[in-house]
Amino acid sequence: MSDEDQKSDRRKTGTDTKLVTSGRAKKWVSAPGTKGHVVNPPVWRASTHLYDNVAALKAGTARNDDGDFFYGRRGAPTQWALAEALTDLEPGAEGTMLFPSGVAAIHAALLAVLSPGDVLLMTDSAYGPSRGFAEGFLKKWGVETRFFDPLAGADIEQAICDKTRAILLESPGSLTFEVQDVPAICAVAKRRGVTTLLDNTWATPLLFPAIEHGIDITILAGTKYIVGHSDVMLGSVTATAEHYRAIRTTAQTLGHVVSPDDAWLALRGLRTLGVRLRSHESAALEIARWLAERDDVATVLHPALSYCPGHDIWERDFNGSSGLFAFVLKGGPGRRERFIDALNLFGIGYSWGGFESLAIPADPVRTVRKADCADQGSLIRLQIGLENVADLIDDLGAAFKVSG
Ligand SMILES: *Cc1c(COP(=O)(O)O)cnc(C)c1O
């Protein structure tokens, strides 16, 4: 069996079936007093939830269970169905809270775990706004953040002190795609009583079931692959039983809420996540290999390519790759700008994970580990969409000519 066959084999463990069936329990898709039900949970627009009498109102307030009507800020069946579906995708998880963006999800998860006086370890390859939150808000709040080499693995132990409360991982890392040894880091963290959080946006639970690999709290920018159509902002935090209550309390205290329309669109996106990811994967790999052959490309940062930092770990732990990677164009920022401006099929814009291809200039900020590629040229990040690969390659080829 080839490597790629083995990977698609690993992925056949019923996740596509789960994507189709999850979040569609009878209670979410039927109306009381009627026979039959519909396929999709409808959009429940509601701020006020009504009780039969005062006694029921008091009992409901006291219990405040997940999945019971209470008040719009706690969601309604559309949001509960989405949260349940995301929990289903993550074996070992207790529950999921939804957030109005990926950034809101990361920040709330950190606040749920940290207290003033604690030390947070953060991978040096973390998403820019995660760094910004640590260096701004958390610092002001009395939490010290120390960045660590994304390739540290079990050596993370040297960075842990008595005050270390949490480790924020991201694998592969933003912009530079280093793959982290999550199981090794989690094993050390468990032994030392430190909570692990992972930004799993690139892989989703389909390509990397995080809790199975030892993570306590896994975070998605649903804006990207879950929604998949570049039309909704959304975040989620999925946690083990040990951590779920703290996440829930923090999310509710901070007043985070997702609209039922956005939850409905995310559920619609989720149904096709498996087929979309397979298509993003094969197209991105083809383009990454094509780029790697070119003389005007210094290197390609894609976890499935053997020379990407942490590739062996990707090979060991992941069920496949997605559609986001970067490459280093030989030449300076001027050439990079001409190259990107010359593209027609690739949009120029932030975010990723939608059906359309995107390109941006990338300038990673690092504290402890300078990106390996830093001196070889200028970095461009590509999101490969669902267009025909040949058209995308033609577009890139023309941009090499025009900018060269
Ligand atoms: C986009 C992104 C986020 C933030 O998600 P938003 O929904 O845009 O707030 C977090 N982490 C990673 C890795 C991202 O790419």
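Let's start with the sheet: 7 strands make an open, mixed sheet, ordered β1-β7-β6-β5-β4-β2-β3. Strands here are DSSP runs of E of at least two residues, helices runs of H or I of at least four, both numbered from the N terminus, and two strands pair if DSSP finds at least two bridges between them. At the edges stand β1 (95–99) and β3 (144–148), each with a single partner strand, so one side of each has no neighbour in the sheet. On average, neighbouring strands are turned by 20° against each other, direction ignored; axes are lines fitted to C-alpha atoms, for helices over the stretch in contact, with angles from 0 to 180 degrees between N-to-C directions.

A quick word on the source: this is a predicted model, where local features need pLDDT of at least 70 and side-chain atom pairs 80 or more, while totals for chains, interfaces and linings use all residues. Residues are numbered from 1 along each chain as its sequence is written, and side-chain values use heavy atoms, without hydrogens and water.

Back to the strands: β4 (residues 164–170) and β5 (residues 195–199) run parallel, joined by 5 bridges, and L169 has L198 in β5 as its bridge partner. Helix α10 (residues 241–253) packs on this sheet, touching β1, β5, β6 (217–221) and β7 (235–239), where contact means heavy atoms within 4.5 Å.

Now, which residues have a charge over a ring? R131 lies over the face of F147, 4.1 Å from the ring centre, and the charged end of R294 sits over F400, at 3.9 Å. The cut-offs are NZ of Lys or CZ of Arg within 6 Å of the ring centre and within 35 degrees of the ring normal.
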